[in-house]
Amino acid sequence: MWSYEKRLQYPVNITTTNPKLAMVIMTQLGGPDGEKGAATRYISQRYSMPYSNVAGLLTDIGTEEMAHEEIISAIVHQLTRNLTAEQIEGTPFANYYVDHTVGVYPASATGEPWTAAYIQSKGDPITDLHEDLAAEQKARTTYDNILRLVKDPEVCDPIRFLRERELVHYQRFGEALRSVQERLDSRNFYAINPAFDK
Amino acid sequence: MPVVLCKHPLMMRIAEISFTMDELRLYLDTHPDCKEALVYFDELQEQRRAAVDAYEAQFGPLTMYGNVESGCDSWKWANGPWPWQNY
């Protein structure tokens, strides 16, 4: 069960629309290293995680990623609301507009719909935590790429917040991996699936 | 003048306290015996309760399981503004 609060984890208050920028930032909602993938990955991986402290961490980070989906969606919405067809014409947002008007739809920067093929839930704690560490770094790189393209401080501010969270999540997943390894045979950490091979 | 709720001092205070708790929650997941963090989390819990009560009394329900709907003659939860609306 989840409990909703009528607030964003970090405020978004963008006063100038920008369809070109919206198309780029949308990838962190529905792209290969976006927040929807992050939330779905961690929430799905919980069930085969035999260590309750790590299942707890997956729950808490997965929950935060849902809040990040909402932040990215709010940015895309505020960058595109009240746009006219003339303002959209000739921008990279035009193809998206044809299919979704200015609704928020989880797609990548190139317009590919979000797919669960972006993520993995392998049923192996070691494998899944390595996937999670890589995912946090890939998201951080994507935010760095976005920040090089953003000049509007009202957009930079929440994007910088989200980038910082990737670093913290990476740190915590690293600690979780260490705690899993401490329960295993130090001579051969990686030979077995500790959730399946008894 | 449009109401930008995310800029209201009470909302900013709730956001700050809640974020610190989000950060501490993850830290405590991997450092469950850190006494300093446990004490800090307790303090923030108290502060957040007071800030949420003050906010809800003024603006209506913030949380799904709040009790601010009791005694009202119309349903407030679904009223805007929603968090992504800054207008």
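Visitor: Which residues have the most contacts inside the largest nonpolar core?
Guide: They are A:Ala22, A:Met23, A:Ile25, A:Met26, A:Ile71, A:Ile75 and A:Val76, in a core of 52 residues. A nonpolar core here is a set of buried Ala, Val, Leu, Ile, Met, Phe, Trp, Tyr and Cys residues joined through C-beta atoms within 7 Å. A residue is buried if 20 or more other C-beta atoms lie within 10 Å of its own, exposed if 12 or fewer, and partly exposed in between, with C-beta atoms placed from the backbone.

Visitor: And which element gives the largest share of this core?
Guide: That's H4(A), with 10 residues. Helices (H or I, at least four residues) and strands (E, at least two) are DSSP runs, numbered from the N terminus.

Visitor: Is this an experiment or a prediction?
Guide: It's a predicted model, where local features need pLDDT of at least 70, side-chain atom pairs count only at pLDDT 80 or more, and totals for chains, interfaces and linings use all residues. Residues are numbered from 1 along each chain as its sequence is written, while chains are lettered from A and ligands numbered from 1 in the order in which they are written.

Visitor: What ipTM does the predictor give the complex?
Guide: The ipTM is 0.95, and the pTM is 0.96. For chain B, the mean pLDDT (the predictor's confidence in each residue, from 0 to 100) is 90, and 97% of its residues reach 70 or more.

Visitor: OK, chain B now. How many helices and strands does it have?
Guide: Chain B has two helices and zero strands. Buried residues make up 17% of its 87 residues, and its C-alpha atoms fill a box of roughly 45 × 30 × 20 Å along the principal axes.

Visitor: Which residues of H1(B) are buried?
Guide: B:Met11, B:Ile14, B:Ile17, B:Leu26, B:Leu28 and B:Asp29. Their cover includes H4 and H8 of chain A together with H2 of chain B.

Visitor: Where's the cis peptide bond?
Guide: It joins B:Gly80 and B:Pro81, with omega about -5 degrees. B:Pro81 sits in the segment after H2 of chain B.

Visitor: Why would anyone point that out?
Guide: Because most peptide bonds are trans, and most residues other than glycine have a negative phi.

Visitor: Why does A:Asn82 count as exposed?
Guide: Because A:Asn82 has 9 C-beta neighbours inside 10 Å. A:Thr101 counts as exposed too, because it has 12 of them.

Technical notes:
Contact = placed C-beta atoms within 7 Å.
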